[in-house]
Amino acid sequence: MRVLVVEDDKDLNRQLVGALADAGYAVDSASDGEEGYFLGDTEPYDIVILDIGLPKMDGISILEQWRRSDRKMPVIILTARDRWSDKVAGMDAGADDYLAKPFHMEELLARVRAQMRRASGHASSEIECGPLRLDTKSARVTCDGQQIKLTSHEYRLLAYLMHHNGRVVSRTELVEHLYEQDFDRDSNTIEVFIGRLRKKIPVDLIETVRGLGYRLSEKPGQA
Amino acid sequence: MRFNSLAFRLFTTAAAWTLLVLPIAGFIIYGLYRDDVQASFDGQLQKLVNAITVDSMGSAQGPPSPPANLYEPLFEVTHSGWYWQITPVDEPNARKLVSASLATASLPSPTAKNVAPDPSGARWMDAKGPAGEPLRLVEVIDTLGHEPDKPRYSIIVAGPADWLDHLVANFRYRLTTALALAGIGLVAVTLFQVRFGLLPLRQIEGGLAAIRSGAKTTLEGELPAEIEPLQSELNALIHSNQQIVDRARTQVGNLAHALKTPLAVILNEARGDKTGLGSKVAEQAQIMGSSITRYLDRARMATRTGVAGGVTPVAAVIEPLVRTLARIHQEKKVEIAVVCPPDARFQGERQDLEEMLGNLLDNACKWARRKVVLNVDVSPETTRTRRGKRLSITVADDGPGLTDEQRARIGKRGLRLDETKPGSGLGLSIVMDLAQSYRGSCELARSPNGGLAVHLELPAA
């Protein structure tokens, strides 16, 4: 799951990046409007945390331009301007949620999870797939009630597949959504992580679709 | 027309002047006319007495003869009011001559009543005639043939004074009528002049009312040269006032932005720190955050001035709020039912109504199970309480609601009953502050479907 943070205050930017990375997201950040707009316009983010008052280009304009060019990722506006007219303007520009500063980091993370779920069509904070159960709140995965210990990269990969279970997910898509922008993108690493996941999960739920990618299905396939 | 008004001053001075001048003019005209008529009547009598004197007393021999010429036909008509009489002065027994009109009566002599002669020697007097009618008479004393040593005779000619009185009375009546009509006309014209002259001021009055009610933002219309500067100054004042308010708003917004971001940084940093210092800093930063929000709201309220208050259509505020809240609470699928008359208008700033309704609706959406009801009602002006139209707004949810004791406590600043629901806890108290600043009220009650109902009462436009 890739997150973009656009925030010009460098301390807050650092805190946001840190908290989101700790929660298991691949995080990119921008500290001015133009950079933020460019990243959001070119990279496939799963969610964007967007400040309104930004140098070079304000958040509302960025958001409007993204929506005009059909960029549909969920956007949470994070701003000190907490008037209802600001909120209305933000939501009308195409935001999905609005959080006023100062805020609790837990609240932001809860809203990020909620937007992720909403985007992938899941109603609760727990996603199930056969015997597998993903708790997005605590970032824990269990299989038949047994907790599976995963590294953060493994967790990201499994969480992405579970958010999109039943659908074939290509390697390119996985690379784009799981790693930060400046990460060394080698699609072979995906295969390595898939292999590790298959070892850690007792039942084989990850199906390799030749030439297309991977699919997580509820029924164990033939290995 | 009020007592203390320009119109009253102008009208009363003009009317008083008219009412003072017209009677004086009337008196003068009447006096002049009466003197003139009297003089011309006296002139006629004088002519007659002179003619009769010359005619009757022309010969120095013998007694005076009746005048050969009649001069005035009415001398022949009995008791006509026109009489002449020639009486000897020195010989009381001598024969006297009288006009036929006098019959057996005689005329009183001004000489006998010690009336002083005028420079021409004629004596004038008012008297009663034989039929009791008022007479004006003139007496001339002359001698036969105008010779000094001949016997003296008194020649009296009388004319009817009531004719004269009739003429003057008639004139007085017509003069009074004419002057009274002129007076009424002048007063009416004055009234019109005052109204017409002060029309631009009425226009300003109407314009100011329109500004106050928010229908207009400037004083409009083509005003006369004398008050045109007033209009432009007033417009400049309104404009600069609006600018000051806008600038203050912007500054407050900038201050909010400048303070809240660093505060967010401090809070996040402090919460990450597990030592005692961290929690202390977090606690204090939280208090600072609440204070900033509270006093920024206060400051923003204070910039609102009474000079040119706005008018806000309520429905136009509700619609975007409901749209936004439906998006924010998309997951819960809360239904927001709105009942609002299309002509409901709030007498105040749009932002303030947005804050009040936004906070109330947001709270209701957070707590509601499935439905939030927003009801707006406009109550008519009440003469009893001397208040204008009022807006009555109710936001009710079907959530868990509050106990009586909780409701009593919740209005207190910053209090949050449940820390599990997100929010700064300031929402409701900001609503209460705002309602109070508009001399309105905000009350909590139990809603019919179990949840909390908040009643707002605000001035309507």
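Q: What pLDDT does chain B average, and what share of the residues score at least 70?
A: The model is predicted, and confidence is therefore the place to begin reading. Chain B averages a pLDDT of 84, and 92% of its residues score at least 70. Residues 416-424 of chain B fall below 50, and this stretch has eight contacts in the model beyond near neighbours in sequence. For the model as a whole, the scores are ipTM 0.71 and pTM 0.61.

Q: How many helices and strands are there in chain A, and what percentage of its residues count as buried?
A: Chain A holds eight helices and 11 strands. Of its 223 residues, 40% count as buried.

Q: What is the strand order of the open sheet in chain A, and is its pairing parallel or antiparallel?
A: Strands of a sheet pair through backbone hydrogen bonds, in either a parallel or an antiparallel sense. In chain A, five strands form an open sheet in the order E2-E1-E3-E4-E5, with parallel pairing. Strand E2 (26-30) and E5 of chain A each have a single partner strand, so one side of each is left without a neighbour in the sheet. From one strand to the next, the twist averages 20°. Within this sheet, three bridges link strand E3 (residues 47-50) of chain A with strand E4 (residues 75-79) of chain A. Val48(A) has Val75(A) in E4(A) as its bridge partner.

Q: Which strands form the open sheet of chain B, and where are its edges?
A: The edges are strand E7 (335-339) and strand E11 (441-446) of chain B, each pairing on one side only. The twist averages 15° from one strand to the next. Strand E9 (residues 371-379) and strand E10 (residues 390-397) of chain B run antiparallel and are joined by eight bridges. Leu374(B) has Val395(B) in E10(B) as its bridge partner.

Q: Which strands does helix H7 of chain B lie across, and at what angle does H7 run to E10(B)?
A: Helix H7 (residues 350-367) of chain B lies across E7, E9, E10 and strand E12 (452-459) of chain B, and runs at about 20° to E10(B). Helix H9 (residues 427-437) of chain B also packs on the sheet, where it touches E11 and E12 of chain B; the direction of H9 makes about 135° with that of E11(B).

Q: Which residues have the most contacts inside the largest nonpolar core?
A: In soluble globular proteins, nonpolar side chains tend to be buried together. The largest nonpolar core has 111 residues, and those with the most contacts inside it are Val3(A), Leu361(B) and Val372(B). A second, separate core of 23 residues includes Val49(B), Val138(B), Val140(B) and Ala158(B). Returning to Val372(B), its contacts beyond four places in sequence include Val334(B), Ile336(B), Leu361(B) and Val395(B).

Q: Is H6(A) mostly covered or mostly exposed?
A: An α-helix has 3.6 residues a turn, so residues three or four places apart point the same way. Helix H6 (residues 152-163) of chain A reaches 16 Å from its first C-alpha to its last, close to the 16 Å expected. H6(A) is mostly covered, with nine of its 12 residues buried; among them are Tyr155(A), Leu158(A) and His163(A). The C-alpha atom of His163(A) is separated by 9.3 Å from that of Glu128(A), 35 residues apart along the chain. Glu128(A) is found in strand E6 (residues 126-129) of chain A. This residue is partly exposed because 14 other C-beta atoms lie within 10 Å.

Q: How many residues of chain A are in contact with chain B, and which helix gives the most?
A: The contact involves 22 residues of chain A and 25 residues of chain B. Helix H1 (10-22), helix H4 (84-92), strand E5 (97-100) and helix H5 (105-120) of chain A each supply at least two residues of the side that touches chain B. H4(A) gives the most to that side, with five residues.

How values were computed:
Residues numbered from 1 in each chain as written. Chains lettered and ligands numbered in written order. Predicted model: local features only at pLDDT ≥ 70, side-chain atom pairs only at ≥ 80, totals over all residues. Helix = DSSP H or I, 4+ residues; strand = E, 2+ residues; numbered from the N terminus. Expected span 1.5 Å × (residues − 1). Buried ≥ 20, exposed ≤ 12 C-beta atoms within 10 Å, placed from the backbone. Core = buried A, V, L, I, M, F, W, Y, C linked by C-beta atoms within 7 Å. Contact = placed C-beta atoms within 7 Å. Pairing = 2+ DSSP bridges. Axes fitted to C-alpha atoms, helices over the stretch in contact; angles between N-to-C directions. pLDDT = per-residue confidence, 0-100.
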